[in-house]
Amino acid sequence: MTRTPQEIFEDHGRRLGTGDLDLISGNYAQDAVLITPDGILRGREGVKQGIGRLLADLPDADWALKPQFADGILFLEWSATGPTARVEDGVDTFVFQDGLIQAQTVRYTLVTA
């Protein structure tokens with residue numbers, strides 16, 4: 001049975017908490033696309049690169065999420081505060097297909113302490 005977008009996102013959050021990039025990338029399709037202000041990252045290796053940067057920017061952060069789901073798409077506004085940096089304007093979009101994340105956009109402004 002295929003997971004719903006809500007189930008995938010819930011699992012994605014658990015995996016993010018581990019910091020294990022191989023585990024995190026398992027929720028993405030093999031040919032996933034991650035679009036960032038710095039460019040387009042492709043496949044699970046690209047996801048590892050993009051998510052790795054996010055986790056490095058915000059180590060040990062407390063996250064606040066405001067998800068809105070509609071028709072296989074998630075619009076996510078978020079903020080995060082860590083010991084060395086914070087983000088107040090995070091925005092992601094996820095596209096789900098066949099029980100995986102097929103595409104994601106991510107944009108945030110990192111403010112260092």
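This is a predicted model: local features need pLDDT of at least 70, side-chain atom pairs count only at pLDDT 80 or more; totals for chains, interfaces and linings use all residues.
Colleague: Which residues of the largest nonpolar core touch the most other members?

Modeller: Tyr28, Leu58, Trp78, Phe94 and Phe96 do, in a core of 23 residues. A nonpolar core is a set of buried Ala, Val, Leu, Ile, Met, Phe, Trp, Tyr and Cys residues joined through side-chain atoms within 4.5 Å. Buried means under 20% relative accessible area, exposed over 50%, and partly exposed in between, with a 1.4 Å probe and protein chains only.

Colleague: And which elements each supply at least two residues of this core?

Modeller: They are α1 (5-18), β1 (28-36), α3 (43-57), β4 (73-81), β5 (85-97) and β6 (100-107). Helices (H or I, at least four residues) and strands (E, at least two) are DSSP runs, numbered from the N terminus.

Colleague: What is Tyr28 in contact with?

Modeller: Apart from neighbours within four places in sequence, Tyr28 is in contact with His12, Arg44, Val47, Ile51, Phe94, Leu100, Ile101 and Gln104. Contact means heavy atoms within 4.5 Å.

Colleague: Turning to α1, which of its residues are buried?

Modeller: Ile8, Phe9, Asp11, His12 and Arg15 are buried in α1. Seen down the helix axis, these buried residues fall within an arc of 165°, so they line one face of α1; the arc is that of the directions from the axis to the C-beta atoms. On the other side of α1, Glu10 and Gly17 are exposed.

Colleague: What do the buried residues of α1 pack against?

Modeller: They pack against α2 (21-25), β1, β3 (62-70), β4, β5 and β6.

Colleague: How many salt bridges does a search of the whole structure find?

Modeller: The search finds nine, a salt bridge being a side-chain nitrogen of Lys or Arg within 4 Å of a carboxyl oxygen of Asp or Glu. One of them joins the side chains of Arg14 and Glu10 at 3.0 Å, N to O. Both residues lie in α1, four residues apart, about one turn of the helix. Arg3, Glu10, Asp11, Arg14 and Arg15 are linked in a network of salt bridges.

Colleague: Where do Asp38 and Arg53 lie?

Modeller: Asp38 forms a salt bridge with Arg53, with the closest N and O atoms 2.1 Å apart. Asp38 lies in the loop between β1 and β2 (39-42) and Arg53 in helix α3, so the pair ties together parts that are 15 residues apart in sequence. Asp38 counts as exposed because its relative accessibility is 59%, while Arg53, at 46%, counts as partly exposed.

Colleague: Is Lys48 buried or exposed?

Modeller: Lys48 counts as buried, at 19% relative accessibility. Lys48 forms a salt bridge with Glu45, the closest N and O atoms being 3.0 Å apart. Glu45 counts as exposed, at 55%.

Colleague: Last topic: in which sense do β1 and β2 pair, parallel or antiparallel?

Modeller: They pair in the antiparallel sense over four bridges; strands pair if DSSP finds at least two bridges between them. The two strands form a hairpin with two residues between them, and Leu34 stands opposite Leu41 in β2.

Definitions and conventions: Residues are numbered from 1 along each chain as its sequence is written. Side-chain values use heavy atoms; hydrogens and water are left out.
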